[in-house]
Amino acid sequence: MSPNYSDASVNRPRTHETPLVPVPSARDDQSDYFLDATDMRCPLPIIKMARVARELTPGSRMRVIATDPAAEFDIPAWARLKEHLCSEPVFVHTPVWTVEFTVTLQ
Amino acid sequence: MSSAPVSSTSEHLASTASQVPVKQVNFDAQGNSRISQLGRSAYAQALEDGWADFRRLHAQGRKARRIYDASRETVASILGVRTEEIHFAPSATAAFHNALGALSLGRSRVGNTAVVGSTERSAVLNAARHYAQPSIIPVTRSGSIDLDQFTHAVSVGSVAWALSHVGNHEVGTLQDVEQLARVSRASSVPFVLDAAASVGHIALPAAEHWDALVAQPSDWGGGNGVGVLALKARTRTRSIWPEDQDLWFPGGTSLPAVFAAAVTLEESVRAMEERSTLQRRWIDEIRNAAAQIPDVEVVGDPHNRLPHILTFSCLYVDGEALTTELDKYGFSVGSGSACTSATLEPSHVLAAMGVLTHGNVRISLDWDVTQDDVDRFISVLPRAVASVRALMGVDDL
């Protein structure tokens with residue numbers, strides 16, 4: 001019984017449940033743009049993504065990493081509202097809790 | 001001679017008494033409704049007549065006892081249960097905690113699993129984690145509990161209890177509680193109803209469908225400091241707290257708060273049909289107005305919902321800035337955005353539904369809201385969103 005947890009932790013994978021995945025460097029992945037939104041508070045990661053998306057052509061792939069607790073939910077929601085395709089999240093410990101998505105612009 | 005020091009509470013009393021009343025429109029009434037005039041009178045009357053311990057046999061004690069019994073009878077008859085099945089808690093949260101704890105212990109031989117939806121209120125999810133092993137059922141994008149997964153979860157054989165809200169406290173979506181109750185009953189699992197956002201707003205399912213129910217007087221204009229637990233006598237429970245003459249809530253509950261709760265429950269149920277028809281239309285109007293603002297996602301079921309609740313999220317906007325802006329226009333609204341919560345986590349309800357969590361505005365109309373208030377809100381809302389977007393430099397997006 002652990003009384004100390006907050007609301008969003010209902011959906012947040014517990015540390016022991018989350019596979020440890022190393023963050024690939026920006027160079028060795030297939031995306032066209034890498035956005036490091038770590039340490040940005042929501043809605044800043046989404047604002048940055050919208051600005052980047054405006055400069056990229058349809059079909060481009062944008063990879064984003066973020067540490068804000070809302071990013072896990074807001075990045076797919078933004079992609080859905082803007083009709084982009086969004087990958088499943090990948091959770092990383094680096095050592096802070098980080099979420100990664102790849103969004104394919106439409 | 002030195003004068004007595006002025007305490008900050010007496011300063012507050014003096015300063016609020018001299019202020020000219022300005023109407024701050026309460027669009028954040030879920031769980032925090034303004035106490036009605038009748039509620040105030042009832043509270044004052046019970047302070048006058050019901051200050052004694054109602055277990056004493058003297059005249060004052062019997063006076064208090066009559067107030068307590070009448071309150072219990074009123075609430076019982078409205079919820080459709082027997083008088084002795086009503087218990088008054090110091091808050092709805094306390095009612096959830098004790099009911100779910102006692103149910104968990106009472107069923108410990110059967111199992112330790114608690115079946116709950118992912119959009120239940122925090123008090124429920126916290127109790128499920130504390131007293132049991134939660135089996136959390138996902139919801140659809142509009143917030144309906146997945147019936148197939150719920151049915152499967154209650155049938156596995158080690159379930160202590162299952163719970164669902166009638167209508168969601170944040171987004172208003174109604175659940176098919178009669179069906180959820182039926183599948184729980186089919187597996188002999190006690191079914192608890194969270195009616196805390198629903199009592200006084202919509203007709204409840206008949207009492208035969210549930211084993212326990214929690215209601216929240218501060219939601220219907222009854223004031224703070226009291227919660228209601230209705231528990232069917234046949235339900236197997238075991239207390240998780242020491243023995244006390246107040247069996248369910250040791251130390252008892254404030255009698256004026258209890259009496260005000262009962263009197264205002266009767267009042268709000270009487271006015272329910274007329275008020276909820278108006279509120280349903282007003283929420284439709286606000287919903288349409290919000291949907292016309294660029295990059296706004298209105299969430300929750302548009303039709304199958306509580307009459308007075310609406311939630312929407314505005315892209316690229318800070319929820320805190322938006323609630324502050326609306327406050328300047330005289331509207332108190334809630335928000336499920338991370339920046340507005342003490343924990344810096346977004347609303348787990350919005351997260352579970354997979355909808356946008358930032359720029360969130362949560363509206364729940366109080367009983368005294370008028371058509372004029374709604375019209376004014378509709379006229380200021382686009383301006384408020386636009387000015388926050390301009391301030392944040394995102395108006396070009």
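What follows goes from the confidence scores to chain A and then to chain B.

Keep in mind from the start that this is a predicted model. The predictor gives the whole complex an ipTM of 0.86 and a pTM of 0.89. Chain B has an average pLDDT of 94, and 94% of its residues score at least 70. For chain A, the mean pLDDT is 77, with 71% of the residues at 70 or more.

Let's look at where those chain A scores come from. Residues 1–23 of chain A stay under 50 in pLDDT, and the model has 40 contacts beyond four places in sequence for them. Where pLDDT is low, the predicted coordinates should not be read in detail.

Now find the loop of chain A that runs between strand S1 (33–37) and helix H1 (44–55), where Pro43(A) sits. A cis peptide bond joins Cys42(A) to Pro43(A), with omega at about 10°. Asp39(A) also has its place in the loop between S1 and H1 of chain A. The phi angle of Asp39(A) is near 70°, which is a positive value in a residue other than glycine.

Follow the chain on into H1 and see how that helix meets H2. In chain A, H1(A) and H2(A) pack at an angle of about 35°, and their axes are 10 Å apart. The crossing of H1(A) past H2(A) is right-handed. On the H1(A) side, the contact uses Ile46(A), Met49(A), Ala50(A) and Ala53(A), while H2(A) brings Asp74(A), Ile75(A) and Trp78(A). Sort these residues by class and you get six nonpolar, no polar and one charged.

Time to move over to chain B. Start with its sheet of seven strands, an open one with the order S2-S8-S7-S6-S5-S3-S4 and mixed pairing. Which strands stand at the edges? They are S2 (86–89) and S4 (133–137) of chain B, and each has a single partner strand, so one side of each is left without a neighbour in the sheet. Neighbouring strands here are turned by 20° against each other on average, ignoring direction.

Zoom in on one pairing within this sheet. Strands S6 (residues 191–194) and S7 (residues 212–215) of chain B pair in the parallel sense over three bridges. One residue to look for is Leu193(B), whose bridge partner in S7(B) is Leu213(B). A helix packs on the sheet too: H3 (residues 59–79) of chain B touches S2, S7 and S8 (227–231). The direction of H3 in chain B makes about 115° with that of S2(B).

Chain B has another sheet to explore, an open one made of three strands in the order S9-S10-S12, with antiparallel pairing. In this sheet, S9 (296–299) and S12 (360–364) of chain B are at the edges with a single partner strand each, so one side of each is left without a neighbour. From one strand to the next, the twist averages 20°. S9(B) and strand S10 (residues 309–314) of chain B run antiparallel and are joined by four bridges. Look there for Val296(B), which stands opposite Cys314(B) in S10(B).

Helices pack against each other in chain B as well. H2 (residues 37–49) and H8 (residues 255–291) of chain B pack at an angle of about 145°, with axes 8 Å apart. H2(B) passes H8(B) in a right-handed crossing. Among the residues in contact are Leu38(B), Ala42(B) and Tyr43(B) from H2(B), and Phe259(B), Val263(B) and Glu267(B) from H8(B). By class, this contact has 11 nonpolar, three polar and one charged residues.

One last stop: the aromatic rings. Over all chains, the count comes to seven aromatic pairs. Take Phe331(B) and Phe377(B): their ring centres are 5.0 Å apart and their planes stand at 75°, so the pair is edge-to-face. This pair links distant parts of the chain, as Phe331(B) lies in strand S11 (residues 331–333) of chain B and Phe377(B) in helix H11 (residues 371–391) of chain B, 46 residues apart.

Terms used. Residues are numbered from 1 along each chain as its sequence is written. Chains are lettered from A and ligands numbered from 1 in the order in which they are written. This is a predicted model: local features need pLDDT of at least 70, side-chain atom pairs count only at pLDDT 80 or more; totals for chains, interfaces and linings use all residues. Side-chain values use heavy atoms; hydrogens and water are left out. Two strands pair if DSSP finds at least two bridges between them. Helices (H or I, at least four residues) and strands (E, at least two) are DSSP runs, numbered from the N terminus. Axes are lines fitted to C-alpha atoms, for helices over the stretch in contact, and angles run from 0 to 180 degrees between N-to-C directions. A crossing is left-handed if the near helix is turned anticlockwise from the far one by less than a right angle, and right-handed if clockwise. Contact means heavy atoms within 4.5 Å. Ala, Val, Leu, Ile, Met, Phe, Trp, Tyr, Cys and Pro count as nonpolar, Asp, Glu, Lys and Arg as charged, and the others, Gly among them, as polar. pLDDT is the predictor's confidence in each residue, from 0 to 100. Rings of Phe, Tyr and Trp (its six-membered ring) pair if their centres lie within 6.5 Å; planes under 30 degrees apart count as stacked, over 60 as edge-to-face and the rest as tilted.
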